[in-house]
Structure formats: C-alpha cells, structure tokens
Amino acid sequence: GKVSSFKYDSSDESSLSHNSVKVLFPDNQGGIWAGTYYGGVCYYHKSRNRFRMFSEGSDSRHLNDNVVSCIYEAPDETLWIGTNGGGINEYDRKTGNFRYYRFTSRQGAPYDSNDVKAFYCLPDGRHMLIGLYHGDLSILDRFTGNIRHLNSPWNIVSISPLDEDHLILFRVVSVDEVAVAEVGEVLDDRRLLRARVVRVADLGG
C-alpha cells in the first residue's frame with residue numbers, strides 16, 4: 001500500500017504541529033490523533049487530508065500543556081489526553097471544550113505529579129484508571145470528578161486489558177515483568193497490592 005509522510009511546515013497552518021511525535025492514537029471514527037512534544041495534539045482524517053491542531057491556551061477550548069504523553073478514547077467517545085505537566089485534559093467533541101484534572105498532594109497523592117502516562121476506563125464506564133509517573137495509580141470518578149489515589153507499589157506507564165477479567169499494568173521498574181490485576185480488585189487498595197507480578201514472556205502461557 002501507499003505510505004505517506006507528514007512533517008511540520010512553518011508556512012502551512014494545516015501541517016503537523018511538531019516533528020517530535022510521542023503517541024499516535026486511532027479513534028473509532030477513522031481519525032488519527034498525534035500527541036507531540038511541545039506541539040500539543042494534532043487530529044488527522046484522510047477525508048480532509050489536513051491536520052487540526054489543539055495547543056496550549058488560556059481558555060477551555062485549548063490544552064493546558066503542549067507536551068502530550070498519552071491519548072485514550074472513552075466508551076462515550078470523549079478523548080482523554082495525558083500531559084507531561086498539566087495533568088488530564090478531557091476533550092468533549094460535541095462542545096469542543098476541554099475539562100482539566102490536576103493532581104496535588106492535598107488530594108492524597110504521594111506528592112504533586114501531573115505527568116500522566118496511561119488511561120483505562122473500567123467496564124462500568126464510570127471509573128477511569130490513571131497511571132502517573134512518580135504518582136502511582138489513581139482512579140477518577142467520571143460522574144463526580146473525585147480522584148482517589150491507590151497505594152500501589154508501582155509507577156504505571158501503560159494499562160491494557162489481558163482478557164475480560166484481568167488488566168496488565170506495565171511498570172517503570174521493569175521491562176521484563178508486569179503486574180496482572182483482576183478488574184474487580186483495582187478499586188480496592190488492599191486487594192490491588194496482591195496483584196501478581198509475571199514475566200512478559202509467560203503471558204501467553
């Protein structure tokens with residue numbers, strides 16, 4: 001098939017906003033979201049053949065940080081954007097507005113950490129798991145906006161489903177091992193601590 005290449009062009013407002021792309025995320029509408037390093041987020045759809053940029057600004061129609069670490073689409077099609085220092089930027093495509101969530105030690109976090117690395121929405125559609133670099137694992141109640149920090153012993157950089165009942169938690173401390181937790185246990189601090197650590201090579205066994 002045909003391979004296309006996209007680069008930043010200072011003379012073209014519809015080009016990619018930055019050549020340093022940290023994450024690519026395909027949404028369920030056939031579009032691609034590109035999170036960049038200091039260039040915010042760019043949206044591309046082949047039907048338009050151009051990029052739309054979302055950058056840092058002072059109102060709710062902008063990001064609050066231009067360094068993007070991760071992107072996730074919730075079941076209701078809201079887009080969750082993790083930034084390097086601005087916490088979470090939740091984008092409502094219907095209104096075009098962002099909602100921001102920041103983490104502080106006053107909320108019970110080990111210390112201020114707004115470097116978001118991972119998202120995963122639990123099957124109830126209400127609770128969003130959030131992996132924070134230097135901030136452990138947190139849970140956001142999407143209905144109330146309340147954030148609870150779990151006493152997990154890891155810095156989580158990725159969260160993926162293993163099957164219907166289990167999640168894989170990728171940790172900063174190891175590239176060879178992951179933690180496997182039951183979906184029904186991640187809301188309970190004490191049970192989460194018992195998540196088993198397994199070798200990546202053994203996951204298929």
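The structure is a predicted model, in which local features need pLDDT of at least 70 and side-chain atom pairs count only at pLDDT 80 or more, while totals for chains, interfaces and linings use all residues. Residues are numbered from 1 along each chain as its sequence is written, and side-chain values use heavy atoms, with hydrogens and water left out. The protein has one helix and 16 strands; these are DSSP runs numbered from the N terminus, with helices (H or I) of at least four residues and strands (E) of at least two.

**Overall picture**

- Of the 205 residues in the protein, 47% are buried, where buried means under 20% relative accessible area, exposed means over 50%, and partly exposed lies in between (1.4 Å probe, protein chains only).
- Among contacts with a separation of 6 or more, 37% are between residues 24 or more positions apart; a contact here means heavy atoms within 4.5 Å.
- The accessible surface comes to about 11,100 Å², and carbon and sulfur atoms hold 46% of that area. These areas come from the Shrake-Rupley method with a 1.4 Å probe, and for residues only the protein chains shown count as cover.

**Salt bridges**

- The count comes to five salt bridges, each being a side-chain nitrogen of Lys or Arg within 4 Å of a carboxyl oxygen of Asp or Glu.
- One of them joins Arg93 to Glu73, with the closest N and O atoms 2.8 Å apart. This pair links distant parts of the chain, 20 residues apart: Arg93 sits in the loop between strand E7 (88-92) and strand E8 (97-101), and Glu73 belongs to strand E5 (residues 68-73).
- Glu73 is buried because its relative accessible area is 13%, whereas Arg93, at 22%, is partly exposed.
- Glu73 and Arg93 also belong to a network of salt bridges that takes in Asp27.
- Another salt bridge pairs Arg142 with Asp76, and here the closest N and O atoms are 2.7 Å apart. The partners are 66 residues apart and again link distant parts of the chain: Arg142 is in the loop between strand E11 (136-141) and strand E12 (147-150), and Asp76 is in the loop between E5 and strand E6 (79-83).
- In this pair, Arg142 is buried, with a relative accessible area of 14%, and Asp76 is partly exposed at 41%.
- Lys117 and Asp115 meet through their side chains in a salt bridge of 3.3 Å, N to O. Asp115 counts as buried at 14% relative accessibility, while Lys117 is partly exposed at 22%.

**A four-stranded sheet**

- Four strands form an open sheet in the order E9-E10-E11-E12, with antiparallel pairing; two strands pair if DSSP finds at least two bridges between them.
- Strand E9 (116-121) and E12 are the edge strands, each pairing on one side only.
- From one strand to the next, the twist averages 25 degrees, with axes taken as lines fitted to C-alpha atoms (for helices over the stretch in contact) and angles running from 0 to 180 degrees between N-to-C directions.
- E9 and strand E10 (residues 127-132) run antiparallel and are joined by five bridges. Across this pairing, Ala118 stands opposite Gly131 in E10.

**A loop residue: Glu185**

- Glu185 lies in the loop between strand E15 (177-182) and helix H1 (189-192).
- Glu185 counts as buried because its relative accessibility is 15%.
- Asp165 is 20 residues from Glu185 in sequence, and their C-alpha atoms are 9.8 Å apart in space.
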